[in-house]
Every structure is written in C-alpha cells, then in structure tokens.
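Morning, everyone. I have one structure to walk through, and I'll keep it brisk. Please have a look at it first.

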Amino acid sequence: MAVEERLFSLVLALVATETGLTKAEVLSTVQGYRQRYQNGGDNSSLERQFERDKDDVRELGIPLETIEPPDDPGSNHNLRYRIPKGLYDLPSDITFTPDELMVLKLAAAVWREGSLSAESRRALTKLGSLGVESSDPVLGYAPSLRARESSFEPLSKAMDRGQVVAFRYLKPGETAPRRRRVAPHAVVLHDGRWHLFATDQDVAAKRTFLLSRIVGQVVTLPGQTFKQDGDGMGQQALAELDELWNASLAEVDVVPGSDAAVRLGKRQTSVATVGDRISLHYTDLNILADELAGFGPEVLVQSPPALRQAVISRLTGVRDAHDVQDPRGTS
Amino acid sequence: MTEASKSSRAPDKLAFLLSLVPYLMDHERIGVAAVAAHFGVSATRVREAVNLIAVSGVPGETRQYQHGDLFDIQWDEFEDNDVIVLTHLVAIDDAPRFSAREAAALIAGLQYLSSLPENADQGAIASLMAKLTRGASATPSQLAVAKSESTDAITVIRAAVGNNVQVEFDYVNSRGGQEHRRVDPLRIESVDRDWYLRGWCHLREAVRTFRLDRMSALTATDAPSGDHGAGLTLPDTLFESTAEDLSVVIELPEPGLALIADYAPEFPVTHVGGERVRTTLRVAHFHGLKRLVTRLAGLVTVIEPAEARDTVARWAEEGAAQYDAPALPPAEA
C-alpha cells in the first residue's frame, strides 16, 4: 500500500472522530495499519511508523491533537488522537481573487530550489482546492530568491520546532571558527545576504549571524528546546540590520567608466559625490572588503581605515598566492 | 531515485489528495484534463489520486470500512469518459490550512516581490500576507526579506519584453571595456538582489545574459524584437559554458564549493588533503576569473594554467600597488 494512502486514511479517521482514537484503535482499525496489526502481538515497528506518520501529517500544517485522559493524566497508553475539523478547515472567509492568485503564483515561483520551493508548491496545491483560476501570469519575468548556504534548511527547521542548535561560526575578523549554541528566532535576507537572528545561549543575548560564515554542520541539541517569542522577530531582525547599515559608511574612489564605477555607482546612497568618490553603506566590513577586492585596481578605498586595511590584505594575499614563481600555490 | 526521496514525496501527494476532495465537491462533473490543468499536474497523477480517493474512507461504526464509510464516484463516467463525479463524501469537505512554513514561504516571496516597482500596490500585498497568516495552522515561520532598492532598468526592460521591442544600452564587460549593445529582450530574471536580462544580442548574434547593474544609457527602442519564439529555449542556468571556454583548475576548502556553485556545477572534485579540494572551472576568458578569485580572497587559489595564475596575480598586484602611497584626498574633478 502506498504511503500516501495510509496517511490519507489516518487523516480521514482522525477528522471523523469526535472523542479521538487511542493508538491501539488507530493501529487495529485504520487502513494501512490494520493489515499489519497483530492482535496481542508485538506491534512496535507499527507504533514507530505511527509516530513518523504523525510528524509527517503535522508538517503539512494539519492540527493533529493529543488528548490526555482526564482520569489518567500522564498515561501514555490512553492518549487519544484527533484532528479538530474547525482547526483543519481553512476559515471560510479567506478567499482569493484571480489577480491575487496570480501574485501568489509569482511569489511561490520566487523559490526555485530547496524545501521552500516544495513548500510553496504545496501551498499552491492547497490554494487550488478553492477552485479560483488565476489571471494570466506576467511573461518574461522571473524574480527568484536563493539560499545557497547549506545551513539554511536545518536552521529554519530548528526555528519552526523551537530547537536549540549548535554550529561553528567564523566571526568576521577572527581566524578560527568558534562553536556557538543558539536558539534561532528568525532567518532574514538583508542587503542580499541571509542572516540568522538568534539568542546565543552562552551569553543569553540576541546576536545576528551571517549564514555564509557558518562552517560545517548545524546540529540540533537533543532535549534542548525553547518557546518562540512569536510573530515579529523577522521584522525586528531587519530593523536592527537597517540601523547597522545606516550607521556604516565607506568612501571609495573608482576608475571612471570601469565596472566598479558603473556597479558601485548604482548602489551609492549619498548624492554628495566629489569627482569619482563614492559613498557606500554596509552591514559587514569583511563582506564589503571581499567585494571591493574583486574590483582590483578599479577601486581605491579611502575610509574607514579598517576597510582599507582589509582590502589591502586580501589583494596582497591573492597576489602572493598566485606568484608565478611558485606554481604549486602557497596555501 | 533513493528510497528517502521517494517517501518524502508522500506528504506532497497527501496534500494533493486533501486539496482535490473539496475541489471535486465544488465541481459536480469535471474532466480529468481540466483538473490536471487547474492543479498543474499530469492527468495520470489525477487519475491515480481519484482511484485512491474512491476506495478510501473511515473505519466507521463497524470498523470494517463499509460501503457508506467510503468516498464514491460514478465509475462508468470515470472509466469510460475520463470524467469525475464525486457521489459520496467522507470526513473532509473544506480546503486544508497552510502549514507555518508553507505560509512563510509565500509571505517571504511576497516581501521580495513587493520591493519591485511593478508591485507597488503595498496594500494588496499586505492584505495577502494577512490572509496567509490567518489561513495557517500556526504562526508562520519568521522568514523575512528586506526591501531592496529597485532600479528604473527593471521597469524599462519589463515594458520592452511586454511590448516586444528591442533595447539598447552601453555595457561594461569583465575585461573592463564598454560596448554598445542592441538586444531583443526575452526574459528578465533576478537572483537575490542581482538582476539579469536574457536576450538575443545583435552584436554577438547569440543569446546572452547581461547584469542590469552593468548597463548604462538604457533605452527601449521602437524596433520590434525578432521572432525567437519557437526555435529558442533559454537554459535554466544563467551562464552556459561553450566549447571555446577555457578550463581552469582551482583549489579551495570544501565548504567553499557552495560559493562557486554558479561557475562549476558539473565538474568532479578531488580531495588533496585536509578539507581542501580541487575542481575545474570553465571560463570564457581570464578577466572574469581574476575578479572572482580576488572576491574570494584567501579561499580560492588558481592552480593552472600559468596564464590564469598570472592574470589573477597581476590584477591583485595592480590593486595592491595603489596603496603603496599614503592615502590622499583625490584631486577635484
């Protein structure tokens, strides 16, 4: 029997029951389980299957509830499971116009890969049940977002589940990664880069991390969970990054007509430019230094001094590593 | 396909089954082809789903899945005419809510779209986000996308694509030179904050990808675009390598591979000790490479050919040499 058939039967049975079904009732009566159920025998593998299925159903946003028996609290044996129909159904006053559906399709297509792409498609499938046909899409127009950092998926999952995670973080300006233990609150895209907003458990304070500077695996710490503060964390993280961006200003000179002049010129926010000097806001000095180093002799950094130094050390490092006298590389 | 990825599709199939039921309920008689078109799936997948729904149900009072406990359809209509008529419903009759992550994925996508000029109707976007939040079974995950500055170029090119006219602009190439280009715009794409025009370049007589932030003096012309419709398909990747491209061997720490994924997707990686690996990039010339390698300073080292190493070394050397003199205020222009 196909997995989706068992899951479908489980959802139907748990929606249909008012009082809930015990685990034994599910395993002995619901399609997909009952065929493998052994009356009075060992059903441990079937029980593990049921646990996994519950997780799968909940991941779809289906409110699968556990009810403790009032006369026997804490008893694992007599827990009852159900899906309250009122919480399952999309509220009936939520409707979408053909134009709105067209915009939602475009929003879903923004994610081209990864689990957010799959989840966007699933949301569109659910929207499809409303029977609204969308307006014609805009042709020749394909905005997309990517999260190429491998930490993106485990972090956003841990965030949803309220799990504390650990990872090695190479802080800008430091040379060796350090292990961090954090409670993730929000993952935000700011100035083209993904950031994690989290509580650093070791100092009990909110910190922002760049996903691109997380080294290696993100691991969840067994048994360490936390309660999410709820809505608004994403906007708070963006507001703090905006503040940092506004407060940090670099001045660079560019060679007229060069790639740097054209590209950086479009990014500058200050109208007051003198000659070929461009002012740039930034959130992370090392990230800006990487980008400016890429422009080679097209850019000369004037300030701040730390940025100037960071660009010089990148350029001399690349020069030395590619010295033709040493064809094996120096690193 | 691995066993894991096979079973991970079961939740998607479940979502389809749960969404199909209320849709069929609202459509007394509907052809398989129409359902497939509406949900954007194959007719085969619709037939499989209907076959499964029609024999599914609840255990019922007898716990035996009796006839009245199951969904039912008009089998003759389904088997003879490929038409679905649902005649008996069980347990569910409404659209399911969104999960926290499903709602969050669409909300973040909307935030990204809302920063673009043509979606200036912020009220409509805000209303959509509110509906998605209310339609989710839990508070949507905290994924957020900042407003990005949008450029007029997006508006100009989008209009040109819509009106099917050519565009003209000056373009800085990665060698540092400027060229005047005339292009039949086919599609405007973005990846994060970077925007690209893909179109037929009259100068190169081929499909090319252009970064919007490298364009200046962009205008839409009155000249109609050529007809490239049937014969031309745009590849999914932004940059295609060609037979004339040069191969460059680079070395980097393995975690850094993600940072060059756009440039070396299909090449094998060999381990050379520790976390370091070697791979091969395909580049049109070394001028793009020198910019890439200095942008990834300390991470990527070019191994061969010598000419590529030399081009990179000179680029970095020229950059570094500017700083040999102390910083002075620039002369007035």
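I'll start with a definition: a salt bridge here is a side-chain nitrogen of Lys or Arg within 4 Å of a carboxyl oxygen of Asp or Glu. By that rule, 15 salt bridges are counted between chain A and chain B. Keep in mind that this is a predicted model.

One of those bridges deserves a name. Glu298(A) meets Arg291(B) through their side chains, at 2.7 Å from N to O. Polar contacts across the interface of chain A and chain B come to 45 residue pairs, both partners at pLDDT 80 or more. On the side of chain A that touches chain B, helix α1 of chain A, residues 3-16, gives the most, with eleven residues. That side of chain A divides into 60 nonpolar, 32 polar and 36 charged residues.

Now the extent of the interface. How many residues are in contact? On chain A there are 128, and they touch 120 on chain B. The size of an interface is often given as the accessible area lost when the parts come together. Here chain A and chain B bury about 10,900 Å² between them. Carbon and sulfur atoms carry 60% of that. Which residues of chain A lose the most area to chain B? They are Phe8(A), Tyr141(A) and His322(A), and together they make up 7% of what that side buries.

Next, aromatic pairs. The count over all chains is 14. Take Phe8(A) and Phe71(B): their ring centres are 6.2 Å apart and their planes sit at 15 degrees, so the pair is stacked. Phe8(A) lies in helix α1 of chain A, while Phe71(B) lies in the loop between α4 (43-54) and β2 (72-73) of chain B, so this pair joins two chains.

On to strands. One pairing crosses between the chains. Strand β4 of chain A, residues 141-144, runs parallel to strand β7 of chain B, residues 178-191, and four bridges join them. Within that pairing, Ala142(A) stands opposite Glu189(B).

Another pairing stays inside chain A. Six bridges join β7 of chain A, residues 193-200, to β8 of chain A, residues 205-210, and the two run antiparallel. Asp200(A) has Ala205(A) in β8(A) as its bridge partner. What lies between these strands? The hairpin of β7(A) and β8(A) has four residues there. Among them, Ala204(A) takes a positive phi near 50 degrees.

That's my tour. Over to you for discussion.

Definitions and conventions
Residues numbered from 1 in each chain as written. Chains lettered and ligands numbered in written order. Predicted model: local features only at pLDDT ≥ 70, side-chain atom pairs only at ≥ 80, totals over all residues. Heavy atoms only, no water. Contact = heavy atoms within 4.5 Å. Buried area = accessible area lost by both parts, 1.4 Å probe. Polar contact = N/O pair within 3.5 Å; in protein donor to acceptor, adjacent residues only side chain to side chain. Nonpolar A, V, L, I, M, F, W, Y, C, P; charged D, E, K, R; others polar. Pairing = 2+ DSSP bridges. Phe/Tyr/Trp six-rings, centres within 6.5 Å; stacked < 30°, edge-to-face > 60°.
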